[in-house]
Amino acid sequence: MEKELAFIFDLDGVIVDTAIYHYKAWCVLAGELGFEFTEEQNESLKGVSRMESLERLLNFGGITDISDERKIEMAAQKNALYRDYILQITPEAILPGVDVFIKECLNQGIKIALGSASKNAKTILEQIAYQDIFHAVIDGNKVKNSKPDPEVFLNAANELKVQPENCIIFEDAEAGIEAAKRAKMKSVGVGDKNILGEADMVIPGFVDVQVVDCIKLLN
Ligand code: B16
Ligand code: MG
């Protein structure tokens, strides 16, 4: 019997470009706190949990004297702003080439999972009509440790019953590439080579990307 393979997809920045909505929502908070939050700084928030993202944002703004209660309020405010955006998205938000690539994975008998840090993953999957497409969905509600901890990807492999060495992670965040390495899985960086250089392969997006070329990473 041939060995089972799994492809595990990050959500924000890989399947849909909701990363921009996280950024916009954090910018509102930063503006209220009186500092500018740059796109470059935002890179280090990608793939990171909501509370950890808030800590990093406050750090960028040099803000230290904030109670835990206030932090929880701020995170809730950011999430409300973010949810206003994601409740507007439709299947048209699926990034170019993703749909074809995922269907090809399924045709070739590859198991597919979602491995996202987001607690809003279920809402996004419903908005884009992807709620039934993955064999396993591991999101921010199911893990204790956020990327670069490998928990999310190891849980996905476990649920799919596929060995980590037979899994490939698709990620747009540096933290996600590191998580893949720690999980002893191969990784495909989706985005900029200068940012994702640690990945085993980097693609600008899924257009014209062949499943067979990705499988070669496992040989
Ligand atoms: P939420 P991913 C991550 O999703 C985002 O990249 C990151 O920017 C965000 O802070 C995190 O989810 C938590 O999201 O506030 O919706 O729980 O890239 O791992 O799919
Ligand atoms: Mg991401």
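Me: Which backbone atom lies 2.6 Å from an oxygen atom of ligand 1?
Reply: In this predicted model, a backbone N or O atom of V48 lies at that distance from a ligand oxygen.

Me: What does L45 do at ligand 1?
Reply: L45 places a backbone N or O atom 3.3 Å from an oxygen atom of ligand 1. S53 uses a polar side-chain atom instead, 3.3 Å from an oxygen atom of the ligand.

Me: And how much of the accessible area of ligand 1 does the protein cover?
Reply: The protein covers 98% of the 470 Å² that ligand 1 has on its own.

Me: How many residues surround ligand 1?
Reply: There are 19, and the closest are V48, S116, S118, K119 and N120. By class, the shell comprises 5 nonpolar, 7 polar and 7 charged residues. Helices α3 (50–60) and α4 (68–86) each supply at least two residues of this shell.

Me: Where does ligand 1 sit?
Reply: Ligand 1 sits in the largest pocket, whose volume is about 510 Å³. Of the 30 lining residues, V48, S49, R50, A117 and S118 are the closest to the centre of the pocket.

Me: Which element gives the most to that lining?
Reply: α4 does, with 4 residues.

Me: Changing topic, what about the second largest pocket?
Reply: The second largest pocket holds about 340 Å³ of space. It is lined by 21 residues, and D17, A19, E43, K46 and D172 are the closest to its centre. The elements giving two or more residues to this lining are α1, α2 (39–43) and α9 (193–196).

Me: How do the residues of that lining divide?
Reply: They divide into 11 nonpolar, 4 polar and 6 charged.

Conventions: Residues are numbered from 1 along each chain as its sequence is written. Chains are lettered from A and ligands numbered from 1 in the order in which they are written. This is a predicted model: local features need pLDDT of at least 70, side-chain atom pairs count only at pLDDT 80 or more; totals for chains, interfaces and linings use all residues. Side-chain values use heavy atoms; hydrogens and water are left out. A residue is near a molecule or strand if one of its heavy atoms lies within 4 Å of it. A polar contact is a pair of N or O atoms within 3.5 Å; within protein, one must be able to donate a hydrogen and the other to accept it, and residues adjacent in sequence count only if both atoms are side-chain atoms. Accessible areas come from the Shrake-Rupley method with a 1.4 Å probe; for residues, only the protein chains shown count as cover. On a 1 Å grid over the protein atoms alone, a cavity is a set of points where a 1.4 Å probe fits but cannot get out, and a pocket is an open set with protein on both sides within 12 Å along at least five of seven lines; lining residues have an atom within 4 Å of a point. A molecule sits in a cavity or pocket if more than half of its atoms lie within 2 Å of its grid points. Ala, Val, Leu, Ile, Met, Phe, Trp, Tyr, Cys and Pro count as nonpolar, Asp, Glu, Lys and Arg as charged, and the others, Gly among them, as polar. Grid points are joined across faces, edges and corners, and a volume is the space filled by probe spheres set on the points.
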